[in-house]
Amino acid sequence: MTWNGWAQILAFSVVVLLITKPIGVYLTRVYDGSLHYLGAVERVIYRCCGIDASENQHWLDYLVSMMLFSAVSMLVTYVALRAQGHLPLNPQQLPGVVDRQAFETAASFTTNTNWQSYAGESTMSYLSQMMQLAFHNFVSAAAGMCVAAALVRGIANRSAGRLGNFWTDLIRGVIYVFLPGAIVLALLFVQQGVIQNLKPYLTMGTLEGARQVLAMGPVASQEAIKQLGTNGGGFFSANAAHPFENPTPWTNFLQMVAIFAVPAGATYWFGRAVKHQKHGWALWAAMFIMFIGGAAVTYKFEADGNPIHAAEGVDVHAASGSMAQSGGNMEGKEVRFGIAASALYATVTTDASCGAVNAMHDSFTPIGGLVPIVNMQLGELIFGGVGAGLYGMLSMVILTVFIAGLMVGRTPEYLGKKIQSREVRMVMLYVLAAPIFVLGMTGIAAVLPAGLAGRSNMGPHGLAEILYAFTSTFANNGSAFAGLTGATYFYNTMFGIAMLAGRFILIVPVLALAGFLSERKIAAASAGSFPVDTPLFVMLLIGVILIVGALTFFPVLSLGPIVEHFLMHAGRLF
Amino acid sequence: MNDVMYVLATLIFFALMIAYGYGCRALGRDSVSGRADS
């Protein structure tokens with residue numbers, strides 16, 4: 001590890017801290033309806049779509065609206081991808097996407113996952129990229145914010161199950177948060193050299209005299225919402241390791257900040273909405289402590305490198321001053337970014353449900369690769385996805401408050417609202433879904449020939465590849481241990497199901513929880529209320545999150561990356 | 001044929017999610033604490 005590397009991590013942390021409040025204030029105004037500078041645009045959209053903006057929906061109506069919107073938009077994308085070969089803006093004359101990948105991709109982008117089993121530059125036309133995938137990048141992000149907004153209102157207000165209006169929340173999220181943010185980011189990316197055009201692919205001559213095709217496209221605009229909406233799907237197969245997507249250290253830094261921007265601001269928004277700003281900062285602190293812990297572990301193990309290389313006489317220490325070796329584990333990493341920026345990016349992208357990558361996670365050391373898996377298995381609530389991070393964290397907060405109540409023998413109470421069995425039942429439905437799907441589907445793939453055939457590595461690393469894929473798809477992350485061959489009927493279909501389950505099977509109990517909480521009266525805090533703004537609360541919250549995650553996933557992790565780590569030190573690689 | 005299967009599976013999934021929502025509401029009502037505070 002180097003001072004330069006730590007300085008990058010520190011600078012990133014400071015910037016995230018500094019943007020939390022302004023973004024949080026802005027989000028507050030977007031979702032309490034007090035921001036109106038695009039009111040005319042809003043009204044036109046409402047009129048065209050027949051939306052009654054004054055309707056305050058019951059949580060079940062809110063849920064039905066979201067499911068109908070998601071179902072229709074997913075099916076439209078499926079049909080458009082299948083018919084791509086007959087549609088315009090296709091200068092490479094790419095054929096329609098095959099059925100299994102069209103299903104998986106439609107599910108992937110509808111659920112804000114952006115898992116990709118295809119190479120974008122050789123599979124997707126410009127129309128598919130801009131009208132289907134980018135559309136979902138905006139609306140799936142805004143839909144995640146809708147669920148968070150509903151839960152925030154459920155906690156903050158007493159409204160007999162009424163949580164706002166899904167359609168207005170969706171549209172306000174798109175036009176006030178994601179469109180303006182994406183426009184600014186795209187311009188910054190273009191200034192830094194990210195390409196933005198609709199040209200046919202270029203054929204160039206290389207220095208060796210060979211011919212090479214350079215893929216073109218509207219990359220900057222896709223890149224901006226991909227990061228800001230924690231979507232993560234790359235325009236190119238190499239994602240953010242591609243020099244046209246991520247050309248400079250500045251774009252690399254900006255992309256990481258964009259990933260955390262809205263989720264970090266959401267903690268401040270929540271604090272304001274419930275009139276308990278210190279509690280919002282307590283959530284931020286819990287997220288930050290887990291983030292910095294993960295970044296430090298990943299950076300250390302990637303900087304330490306592979307002991308087998310060291311035994312062969314390779315200088316693996318970056319700080320040794322050797323000019324011959326960069327040090328550490330550089331396999332699968334961009335030389336332009338190095339170890340610290342790659343480790344940090346991997347941590348950030350898996351803390352949030354982004355999934356963009358600037359290095360190949362499959363080539364990380366076993367423990368370096370373990371951290372991204374654990375980040376996703378904890379529920380992606382370390383800042384997390386846009387909206388999803390906040391509602392995931394609040395679900396764990398309610399579990400924490402419930403456990404604290406059990407410890408002191410009082411009826412649990414959260415921000416003046418009693419937490420009783422029906423709220424805890426919803427939290428349990430939320431918590432139990434991950435082990436059922438991730439462990440269940442990993443187990444199925446680990447025993448069926450169709451699942452085993454996808455591995456490119458044997459032993460514990462092969463298991464880690466399968467585990468990573470189902471963890472990533474269920475967590476709606478979308479990053480991959482790229483060693484797994486997922487473009488098969490078995491995996492495309494299984495991953496499609498995992499992504500849909502990971503999104504919507506979690507959203508249903510969260511909206512129910514929001515509805516139930518909105519029916520509770522708000523009592524004034526008393527001496528018996530568990531304070532939710534103290535270091536003790538932060539530590540208890542982290543403890544609950546880690547214990548739930550450890551109890552659930554430690555056995556399978558011990559069979560994958562953990563045993564791989566010990567075998568690596570015993571001289572065996574996979 | 002596969003197209004029909006994938007489209008049907010999608011529709012069935014979202015129908016099940018709506019049913020799941022009603023199931024959660026029933027689970028809340030069934031609870032002893034399911035009454036809104038007075």
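**Entry 1**

I began with a term: a crossing is left-handed if the near helix is turned anticlockwise from the far one by less than a right angle, and right-handed if clockwise. The model I examined is a predicted one.

I applied the term to α6(A) and α14(A), and I recorded that α6(A) passes α14(A) in a left-handed crossing. Helix α6 covers residues 126-156 of chain A and helix α14 covers residues 388-408 of chain A; their axes come within 7 Å and cross at roughly 40 degrees. I then asked which residues of α6(A) and α14(A) make the contact. From α6(A) I listed A:Gly144, A:Val147, A:Ala148 and A:Leu151, and from α14(A) I listed A:Ala388, A:Leu390, A:Tyr391 and A:Leu394. Sorted by class, this contact of α6(A) with α14(A) has 7 nonpolar residues, 1 polar residue and no charged residues.

I turned next to helix α13 (residues 366-377) and helix α17 (residues 459-474) of chain A, whose axes come within 9 Å and cross at roughly 35 degrees. The crossing of α13(A) and α17(A) is left-handed. On the α13(A) side I noted A:Gly369, A:Ile373, A:Met376 and A:Gln377, which meet A:Ala464, A:Leu467, A:Tyr468, A:Thr471 and A:Ser472 of α17(A). The contact of α13(A) with α17(A) has 5 nonpolar, 4 polar and no charged residues.

**Entry 2. A bent helix**

I looked up helix α19 (residues 535-569) of chain A, which has 35 residues. The C-alpha atoms at the ends of α19(A) are only 38 Å apart, short of the 51 Å that a straight helix would reach at 1.5 Å a residue. Where does the kink in α19(A) lie? I found a kink of about 60 degrees at A:Leu557, shortly before the proline A:Pro561. Just after α19(A), I noted that A:Gly571 takes a positive phi of about 95 degrees.

**Entry 3. Chain A as a whole**

I recorded 19 helices and 6 strands in chain A. The radius of gyration of chain A is 23 Å, close to the 25 Å that the globule rule gives for 574 residues, so chain A is as compact as a globular protein of that length. The C-alpha trace of chain A spans about 75 × 55 × 45 Å along its principal axes.

**Entry 4. The contact of chains A and B**

I noted that 27 residues from chain A and 22 residues from chain B take part in the contact. The side of chain B that touches chain A has 12 nonpolar, 7 polar and 3 charged residues.

Methods: Residues are numbered from 1 along each chain as its sequence is written. Chains are lettered from A and ligands numbered from 1 in the order in which they are written. This is a predicted model: local features need pLDDT of at least 70, side-chain atom pairs count only at pLDDT 80 or more; totals for chains, interfaces and linings use all residues. Helices (H or I, at least four residues) and strands (E, at least two) are DSSP runs, numbered from the N terminus. The expected span of a helix is 1.5 Å times one less than its number of residues. The bend at a residue is the angle between axes fitted to the seven residues ending there and the seven starting there. Two residues are in contact if their C-beta atoms, placed from the backbone, lie within 7 Å. Ala, Val, Leu, Ile, Met, Phe, Trp, Tyr, Cys and Pro count as nonpolar, Asp, Glu, Lys and Arg as charged, and the others, Gly among them, as polar. Axes are lines fitted to C-alpha atoms, for helices over the stretch in contact, and angles run from 0 to 180 degrees between N-to-C directions. The radius of gyration is taken over C-alpha atoms; the globule rule is 2.2 Å times the number of residues to the power 0.38.
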